[in-house]
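Hi everyone, thanks for having me.

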Amino acid sequence: SVFIGILGGIISGIISGVVNFEDFIYGLHFSFNPYYVTYSIVKTLFFAFIFTSIPAFYGYYVQGGAREVGKAGTKAVVDSSIAILTVNLILRVEALSKSFDQKMVLSDIQVTFETGKVNLIIGKSGSGKTVLLKSLIGLNPIEEGHIYYGDRDLTIMDASQMKCLRQEIGVVFQGGALFDSQTVLENVMFPLNLFTELSEWEKRERAVFCLHRVDLHDAENLFPSEISGGMKKRVAIARAIVMNPKFLFCDEPNSGLDPLTSIVIDNLIYEITHEYGMTTVVNTHDMNSVFEIGEKIVFIHEGRKEWEGNKEMIAHTENKYLNDFIFSSKLFKKIKEEL
């Protein structure tokens, strides 16, 4: 039955376009990690309890004939699905506060980042947005609050649990953070060398696949000093997705790029997010990114969440701080007046 389930999963995944063959096979290498096996068993039992208890409740109290029984059954399935989706919120932050040398940098941040969408964190320099991003990936210790990946609390994880979580996270650092002494291919293979026991051939195949996905061809043997800024960003993105992560974090991915290349990188991040169904969080001050790919936007002002919405809502907000930030130039003020 296990093999039938695997076969059914890959067929349905490929037909629906959710996953490709290479990523599915790659994911099987991590299927029998003891942590994930235990976690999956516990989660399965919990969801089984939901799926049995809610229908049992509706079935016990239903009155009438077959029509009412059918209605109760449908309602039970819908309510069970909603309950599971509610419990399994992908990435959320609760009452997060962070300080340095007794100076409060983040205060009572509450936000849920949406799955399969591009979530933007915006704010002026010194507002705390970079601190928030680093806190989300575990680079900053947290004094107060919680960060939940699904139902797993990052703030109480031990080293082993953090290592497992990091296999689900991809990060695009500002500037790319590529290793100068390694080739493009070696840079992309780095997470595979760190976290997997794949053969050298398998790692090379996976790295080349990711490079091709970001439209980089015949660049495997080049060094970072031999490629352009836009290509470096593409290599950084390829390295970030090589582990097939569930979460993608990007710190100023357009920093130092010309406007046209910035649009290309934005589109690439958007496409990869929707193709792989990842939860993507981008720290940016690029207004083009805000209006083009901002499916969810969180505005941080002086360490607090001042506003939350999307690219359609942001042009019509009455929030003074957000308007002063977004429409600071004469050009954007004129655009605001014409909206």
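Helices here are DSSP runs of H or I with at least four residues, strands are E runs of at least two, and both are numbered from the N terminus.

Quick housekeeping. This is a predicted model, where local features need pLDDT of at least 70 and side-chain atom pairs count only at pLDDT 80 or more, while totals for chains, interfaces and linings use all residues. Residues are numbered from 1 along each chain as its sequence is written, and side-chain values use heavy atoms, with hydrogens and water left out.

Okay, inside now. You'll hear "buried" a lot: that's under 20% relative accessible area, with exposed over 50% and partly exposed in between (1.4 Å probe, protein chains only). A nonpolar core is a set of buried Ala, Val, Leu, Ile, Met, Phe, Trp, Tyr and Cys residues joined through side-chain atoms within 4.5 Å. The largest one has 46 residues, and Ile 237 and Ile 326 are among those with the most contacts inside it. Helix α9 (residues 229–241) gives the largest share of this core, six residues. Apart from it lies another core of 27 residues, including Leu 91 and Ile 300.

Next, salt bridges, meaning a side-chain nitrogen of Lys or Arg within 4 Å of a carboxyl oxygen of Asp or Glu. The count comes to 10. In one of them, Glu 168 meets Arg 152 at 2.9 Å, N to O. Glu 168 is in the loop between α6 (159–166) and β6, Arg 152 is in strand β5 (residues 152–153), and they're 16 residues apart. Both are buried.

Salt bridges with shared partners join Arg 213, Glu 271 and Glu 275 into one network. As for cover, Arg 213 is buried at 17%, whereas Glu 271 is partly exposed at 41% and Glu 275 is partly exposed at 29%.

That's my tour, thanks!
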